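Subject: Handover of a structure and findings

Dear colleague,

Please find the structure below, handed over for your use.

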Amino acid sequence: MSDPLELEVSRALRQVPLRRAPPSLESRVLAEIGRRAALPWWRRSFARWPGPARVGFAMTCAALIAALLAMTRPWAPGAALAGAGARAAGSWLPWARSALTLIDVARELEAALVRVVPLDWLYGAMAAGALLYTALFGLGAVAYRTLYLNTSSAGDFPS
């Protein structure tokens with residue numbers, strides 16, 4: 001059952017004549033739609049990518065994550081190969097040896113932190129970091145809505 005106020009508002013809104021958009025706004029919107037339609041698929045949003053490209057991207061990301069975890073965890077089978085890889089890569093790629101050395105240093109630092117700092121503190125620090133990161137984006141959204149949207153929307157349509 002509908003509320004009487006809702007019915008009254010709906011009736012009043014149906015009587016309001018439709019307003020045409022300003023010509024400058026209409027031309028800008030149509031130009032932007034045309035520009036976005038002309039973009040190649042890799043410049044569009046991820047949801048608009050072809051299916052095989054999305055699957056390939058997801059598989060590539062999963063493989064990179066698995067490789068990173070295999071190289072940085074001491075109990076992983078690939079961890080023993082990291083040192084040998086650094087020695088082998090040093091002969092043909094000088095930057096690869098530096099990168100693998102950095103991974104070894106990060107693994108040692110992680111092991112030292114786990115030994116020294118209680119896990120509850122580490123989990124608390126990660127939760128606090130996630131909370132602060134979320135607050136940063138929330139405050140950014142509020143600032144954007146307050147400062148940008150209010151000032152830009154005021155000048156577009158005459159009252």
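A residue is called buried here if its relative accessible area is under 20%, exposed if that area is over 50%, and partly exposed in between. Please note also that this is a predicted model.

Which residue does the side chain of Arg-107 meet in a salt bridge? The partner is Asp-104, at 2.8 Å from N to O. A polar contact of 2.8 Å is likewise recorded between these two side chains. Both residues lie in helix H5, three residues apart, which is about one turn of the helix. Asp-104, at 23% relative accessible area, is partly exposed.

Elsewhere, salt bridges that share partners bring Glu-32, Arg-35 and Arg-36 together in one network. Within that group, the side chains of Arg-36 and Glu-32 form a salt bridge of 2.8 Å, N to O. Helix H2 (residues 23-37) holds both Arg-36 and Glu-32, and they are four residues apart, about one turn of the helix. Arg-36 is exposed, because its relative accessibility of 53% is over the 50% limit, whereas Glu-32, at 29%, is partly exposed.

A further salt bridge joins the side chains of Arg-20 and Glu-26, at 3.2 Å from N to O. Arg-20 has a relative accessible area of 69% and is exposed; Glu-26, at 31%, is partly exposed. The count of salt bridges comes to five.

I turn next to the aromatic residues. How many aromatic pairs does a search of the whole structure find? The search finds six. In one of them, the ring centres of Trp-41 and Trp-49 are 5.4 Å apart and the ring planes stand at 90 degrees, so this pair is edge-to-face. Trp-41 is partly exposed at 39% relative accessibility, while Trp-49 is buried at 16%.

The rings of Tyr-133 and Phe-137 are also edge-to-face, because their planes are at 80 degrees, which is over the 60 degrees required; their centres are 5.0 Å apart. Tyr-133 and Phe-137 both sit in helix H6 (residues 119-156), four residues apart, or about one turn of the helix. Are these two residues buried or exposed? Tyr-133 is exposed, with a relative accessible area of 53%, and Phe-137 is exposed as well, at 51%.

Ring pairs also link several residues into a cluster: Trp-41, Trp-42, Phe-46, Trp-49 and Phe-57. The edge-to-face pair of Trp-41 and Trp-49 described above therefore has both of its members in this cluster.

Finally, there is a nonpolar patch on the surface. Leu-5, Val-9, Leu-13 and Val-16 make up this patch, which has an area of about 390 Å². Leu-5 is found in helix H1, residues 4-15. With a relative accessible area of 58%, Leu-5 is exposed.

With kind regards

Notes. Residues are numbered from 1 along each chain as its sequence is written. This is a predicted model: local features need pLDDT of at least 70, side-chain atom pairs count only at pLDDT 80 or more; totals for chains, interfaces and linings use all residues. Side-chain values use heavy atoms; hydrogens and water are left out. A polar contact is a pair of N or O atoms within 3.5 Å; within protein, one must be able to donate a hydrogen and the other to accept it, and residues adjacent in sequence count only if both atoms are side-chain atoms. Patches are made of residues with over 30% relative accessible area and no salt bridge: like charges are joined within 9 Å, nonpolar side chains (Val, Leu, Ile, Met, Phe, Trp, Tyr) within 5 Å. Accessible areas come from the Shrake-Rupley method with a 1.4 Å probe; for residues, only the protein chains shown count as cover. A salt bridge is a side-chain nitrogen of Lys or Arg within 4 Å of a carboxyl oxygen of Asp or Glu. Helices (H or I, at least four residues) and strands (E, at least two) are DSSP runs, numbered from the N terminus. Buried means under 20% relative accessible area, exposed over 50%, partly exposed in between (1.4 Å probe, protein chains only). Rings of Phe, Tyr and Trp (its six-membered ring) pair if their centres lie within 6.5 Å; planes under 30 degrees apart count as stacked, over 60 as edge-to-face and the rest as tilted.
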